Amino acid sequence: MLRLEGKFAALEEISPKFFQPVIEWRNDKTLNKFLNQPFELTLALEKKWYEEIYLCDETQGLFIILDKATGTPLGTKGWTNFDAQRRRCISGRLLFGNKNFARHPAFTEGILLAYDYTFARADVQFSHVVKENFKSAEHIKKFGFAENTGEAQYPAELFVNGMAQREYFCTREMYLAARKKFERFFDRR
């Protein structure tokens, strides 16, 4: 399983040992208001998704963001629709689940580690944010994303489970420019 480390955060690819916190976070009504999950997630459903979809699909990935010092799971960050030929993917699956680590640097560094990993393989990433989810839209802009005002690249993602979404994009150059403001805290080069 893939593992990445920074100063404060570590990323581990999803595995059964992380199912319980992921299920709790995704079912938390304060966290899942804008998630594309119109059902109660159970251990059986998580296991089925993992075994029958995730492990069989090389176009997606999901990291668990951990506090490096304690190994405590904080949240998730991932991607779908990775296209190696076109060097692009959909960035998403961002969920901050562990409220005990609010404002802890490990979560932000974990996001940077995930973007560093995906932007080493993709020239552009897209993200889809529910129109009313202003907090998430502002959050991804901090990492270089801008709203796509042209033709939608993933039109099927613009309306999911009854929720209208906006498409955002970020090139590697846009990300690297935005990343500079984080370097004094997290640079590990």
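1. This predicted model holds 14 aromatic pairs. Rings of Phe, Tyr and Trp (its six-membered ring) pair if their centres lie within 6.5 Å; planes under 30 degrees apart count as stacked, over 60 as edge-to-face and the rest as tilted.

2. The model is predicted, so local features need pLDDT of at least 70 and side-chain atom pairs count only at pLDDT 80 or more, while totals for chains, interfaces and linings use all residues. Residues are numbered from 1 along each chain as its sequence is written, and side-chain values use heavy atoms, with hydrogens and water left out.

3. Why is the pair of F63 and Y117 edge-to-face? The ring centres of F63 and Y117 are 5.6 Å apart and the planes stand at 80°, so the pair is edge-to-face. F63 belongs to strand 3 (residues 61-67) and Y117 to helix 3 (residues 105-119), so the pair ties together parts that are 54 residues apart in sequence. Helices (H or I, at least four residues) and strands (E, at least two) are DSSP runs, numbered from the N terminus.

4. Both F63 and Y117 are buried. Buried means under 20% relative accessible area, exposed over 50%, and partly exposed in between (1.4 Å probe, protein chains only).

5. A cluster joined by ring pairs consists of Y115, F119, F143, F145, Y175 and F182.

6. The structure holds zero disulfides, a disulfide being a pair of cysteine sulfur atoms within 2.5 Å. For C56, the nearest cysteine sulfur, that of C89, is 20 Å away. C56 is exposed, with a relative accessible area of 59%.
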